[in-house]
Amino acid sequence: MKKWLHPLLFVSILFASLTGCAQPSIQDNPAPSETLSEEMKDEIMVPFDSKQVSIAVDDIPALREYLKEFDQEKRQIELSRIYTQAIPSESAGMLADIGYSCGTKLCSHVLVQLKDDQTKTLPLCEGSIFQAAYFSPDESKLAVLLGRNEGADIIRNHVVFVDVSKLEEINIPEQKQSERVKQLVSPDSFHWPIRDLKWLDDQSVSLTVPELEDSSYETLANWNKTNGPSKEVQISVDNKSD
């Protein structure tokens, strides 16, 4: 009886030792979701010249705050819908428009500038179309042309002037604003179409707009269809922001 009990006891002890060693430790295996959330860093790619530059979403506050509204799955969908438009420059560093929260045509916009190892951002109008950006001859200022479509025939425009060195909006003093200028540069104006924009020098811009008093859709649609008369409106752009 004693002879066969010894081997059985030895096997039982050996089995208990092996299964005890095989037990996983909870502390050694953190939850996958926690690890991913700490390591995951969202980025967007912007094409500058012939290279793709990565910009962290955390470096673009307006975009970061917008994406906070979504869970991880919808956040990735929103990231895939972002569009980027580089703005070529000789001296302003890498500058681009980032469009997000886009509908069929209209997006919210933020300018992003990468220069001297710094990232600067400037939110622009929500719900608009980025159409073009024009540097002053010395590249110290930027005129950004935004639009909002009305039907299929009309786009009403708004101009934002930017101090490139600070990446801050340049406010046009009210005493220099005629009623027509106010309708072109005031926040959320989008009153008239702008047919052309050009810098006359480093301090002044000429805008070509309809030579009309009535800005109703029917009048502007007819003006656009018949290539109606236009006139130039000049704006003096100061570097000082109010």
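Start by selecting Leu124, a residue that is buried, with a relative accessible area of 12%. You are looking at a predicted model, and this leucine sits in the loop between strand E6 (118–123) and strand E7 (129–135). Which residues surround Leu124, leaving aside its neighbours within four places in sequence? Show Asp97, His109, Val110, Leu111, Val144, Leu146 and Val160, and you have its contacts. Asp97 is 27 residues away along the chain, yet the two C-alpha atoms are separated by 9.2 Å.

Now zoom out to the whole chain. The protein has six helices and 13 strands, and 38% of its 242 residues count as buried.

Next, visit the interior. In soluble globular proteins, nonpolar side chains tend to be buried together. Select Val159, Phe161, Leu184, Leu207, Ile235 and Val237: within the largest nonpolar core, which has 24 residues, these touch the most other members. Colour the elements that each supply at least two residues of this core, including strand E8 (141–150), strand E9 (154–163), helix H5 (179–185) and helix H6 (217–225). A separate core of 18 residues lies apart from it, with Val53, Val57, Leu67 and Ile82 among its members.

Stay a moment with Val237. Not counting residues up to four places away in sequence, Val237 touches Lys141, Phe161, Ile170, Ile172, Trp199, Gln203 and Val205.

Time for the charged pairs. Side chains of opposite charge can pair when their charged atoms come close. The structure holds six salt bridges, and here are some to select.

- Glu78 and Arg81: their side chains meet at 3.0 Å, N to O. Both belong to helix H4 (residues 72–81), and because they are three residues apart there, about one helical turn separates them. Glu78 is buried at 11% relative accessible area, while Arg81 is partly exposed at 35%.
- Arg156 and Glu150: the closest N and O atoms of this salt bridge are 2.6 Å apart. Buried or partly exposed, where does Arg156 fall? At 12% relative accessibility, Arg156 counts as buried, whereas Glu150, at 29%, counts as partly exposed.
- Lys198 and Glu232: the closest N and O atoms of this salt bridge are 3.9 Å apart. Lys198 lies in strand E11 and Glu232 in strand E13, so the pair ties together parts that are 34 residues apart in sequence. Lys198 is partly exposed at 38% relative accessibility, and Glu232 is partly exposed at 47%.

Key
Residues numbered from 1 in each chain as written. Predicted model: local features only at pLDDT ≥ 70, side-chain atom pairs only at ≥ 80, totals over all residues. Heavy atoms only, no water. Core = buried A, V, L, I, M, F, W, Y, C linked by side-chain atoms within 4.5 Å. Buried < 20%, exposed > 50% of the residue type's maximum accessible area, 1.4 Å probe, protein only. Helix = DSSP H or I, 4+ residues; strand = E, 2+ residues; numbered from the N terminus. Contact = heavy atoms within 4.5 Å. Salt bridge = Lys/Arg side-chain N within 4 Å of Asp/Glu carboxyl O.
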